Amino acid sequence: MNSFVAVVLAAGQGTRMKSALPKVLHPLAGRPLLEYPLRAAFDAGAERAVVVTQGQPEIEAHLARALGADRIRTVVQDPPRGTGDAARIGLSGIPSPRVLVLYGDTPLVRAEDLKALVAALDAPGSPDLVCMTCRVAEPFGYGRILRDAAGRLLEIREQRDLESDAQRAITEVNAGMYAARTEALARVLGELRPNNAQGEYYLTDAVHLLGPDRVASVEGHADALVGVNDRAQLHDAEERLFARIRERHGRAGVTIRGDARIDDTVVIEPDALIEAGVRLRGATRIGAGARIDVGSVLDDADVGEGVVVKPYTVITASTVRARAQVGPFAHLRPDSLLEEEAHVGNFVETKKTRLGRGAKANHLSYLGDGDVGAGANVGAGTIFCNYDGFRKHRTVIGEGAFIGSDSQLVAPVTVGKGAYVGTGTTVTRDVPDDALAIGRARQENKLGYAPRLKARLSAKTKPST
Ligand code: UD1
Ligand code: CA
C-alpha cells in the first residue's frame, strides 16, 4: 500500500466539555482522548502524523512523550474557524501524496476501518476523497450523507443545516474520517466558504466541491464514530472502550468477570483472573495465573505470577512478586515491595516498605519506611512509628525475626535476625540478633480480689430509673 500521513484535527474549543483541560487531553481508559485516533492511524500504517491544535504546549509535550516527537508534528490553528480551515492548515506542507484526515475526538476508531478507507483511494475511478460513513439508529447531531438516486455521494450536510424532515430522517451519517489525495483536497479546502448555520469552514463541504465523480465512501463499524463532545459522551465512549479491552484480554487467555475496568495501558498475562468491580490503571502489569479479586484498585502495580490479591485491596506504584498474597482490605502505598510468597493481610498498610521472601504481616498493621527480612513475622497491631513530626525514619527487621502483637517500633530502629519482640513492647533501642526484647509492666495477680472490686464498683452505680 502507498504510504500516507495522518492529519488529526484537535483545535476545536471543546466548549461543551466545560473544562479548563483541553478536550483532547481528557483521559479515558488510561489514555488522553487524542491518543486513540493517533494510535489507530499509526496501526493502520501512517508514516507520520500532523496534529492541528490551538498551540497548547501541554498537548505537544504529551504527544512527544507518549508517541515519540520524531513522528508527530503539531501545527497551530488560531482562531478555530471550523474543521475545513483546520484541515487546510494541517495539509499545508505535507509532502506525502495521500492523507488520512481524522478528528481528535473519536476514540473508538479502529485501525482496520482506516486501512479500508485508505485502500479505497485505489478503487475503480481512483477517487480523490473517500469518506467513512456509518448507519446509526440515532443520527441526531451528525452530518447526514445525501446521495442521488444512483447512490452517489452528493453532499454531507450538518445537523443545523438540514432542511427537511426527510433529511433529518437519514440514518447514514459522516463518521468524520477521510482518506484523500493531498493535492486535490488541499485545492478544494482553499475554496471553502463559511456559508452555513455556524459560519464555519466545513471540511465536509469538500464533498460537493469535488463532485460525485471524484468522491467515494466506505462504511465503517457503527461505534467508530462515537464522538466525545461533552462529559456524558466521554462516559459512553469510555464504557465502550472498557468493553473492548475486556474482550481483547478475554481472547488472549485472561478470565475477566463482570464489569472489571481495565485501562488500555495495562498488561495482563494469560491465565490471570480479574474479578468483577476491579479497576486496573496506568502501567499496571499482572503476571500469569494471578488472581485479582472483587473490588481491588491497582494503579501502576507490578503483580507477579500466581499472586493472590484478595477483595478490596488498594495497590499503588508497588511491586508484588510471585505467589505473594495481599488482602482482603490491604493498602500498599507507593514503593512497597512484597517479595515471593510474602503475605500481607487485612487492614495492613505499607509504604516504602519491603517484605522479604515469605515474610508475613497478616493483621492490622502500619509498616512505613521499613525493611522486613525474609521469613519474619509481624504480629497483629504492629506499628512502625516512622514519623517524628518532622522527618521519616526507617525500621529494619532481620530475617526470621518475630514481632509480637501490638508492638510499636520507634524508628530509626533495627531488630536483629532471629530476634524476638515480646507482645506489647515499645521498641526504642536496637535489638541484637537472636535477642528477646520485652518492654512492658510486669503483671500482678491479686487473688480473690475480683468480687470485692465488683461490689465496690456496683455500690457507686446509681440505680437506673
Ligand atoms: C463533525 C462533522 C460531522 C460528523 C462528526 C463526526 C464537520 C463540519 N462536521 O461534526 O459531519 O458527523 O464530526 O464526529 O466536520 N476542530 C478543529 N478546528 C476547528 C473546529 C474543530 O481542529 O476550527 C476539531 C475539533 O477539535 C474536533 C474535530 O475537529 O476534534 C471535530 O470538530 P467538532 O466541532 O467536534 O465537529 P462535530 O460537530 O462533531
Ligand atoms: Ca465532534
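Which residues in α1 meet which residues in α2?

## Packing of α1 with α2

Glu35, Leu38 and Arg39 in α1 meet His62, Leu63, Ala66 and Leu67 in α2, where contact means heavy atoms within 4.5 Å. These contact residues comprise four nonpolar, one polar and two charged; Ala, Val, Leu, Ile, Met, Phe, Trp, Tyr, Cys and Pro count as nonpolar, Asp, Glu, Lys and Arg as charged, and the others, Gly among them, as polar. Helices here are DSSP runs of H or I with at least four residues, strands are runs of E with at least two, and both are numbered from the N terminus.

The axes of α1 and helix α2 (residues 57-67) are 12 Å apart, at an angle of about 40 degrees. Axes are lines fitted to C-alpha atoms, for helices over the stretch in contact, and angles run from 0 to 180 degrees between N-to-C directions. α1 and α2 are therefore oblique to each other (under 35 degrees is roughly parallel, over 145 roughly antiparallel, 65 to 115 roughly perpendicular, the rest oblique). The crossing of α1 with α2 is right-handed, the near helix being turned clockwise from the far one by less than a right angle.

## Basis of the model

This is a predicted model, in which local features need pLDDT of at least 70 and side-chain atom pairs count only at pLDDT 80 or more, while totals for chains, interfaces and linings use all residues. Residues are numbered from 1 along each chain as its sequence is written, chains are lettered from A and ligands numbered from 1 in the order in which they are written, and side-chain values use heavy atoms, with hydrogens and water left out.

## Packing of α1 with α4

The axes of α1 and α4 come within 8 Å and cross at roughly 55 degrees, in a right-handed sense. Ala40, Ala41 and Asp43 in α1 meet Ala111, Leu114 and Lys115 in α4. Four nonpolar, no polar and two charged residues form this contact of α1 with α4.

## Second largest pocket

α1 (35-43), α4 (111-119) and α8 (231-251) each supply at least two residues of the lining of the second largest pocket, and α8 gives the most, with six. The lining holds seven nonpolar, no polar and nine charged residues.

## Backbone features

The peptide bond from glycine 327 to proline 328 is cis, with omega near 0 degrees, and proline 328 is in the loop between β24 (325-326) and β25 (331-332). A cis peptide bond also joins alanine 411 and proline 412.
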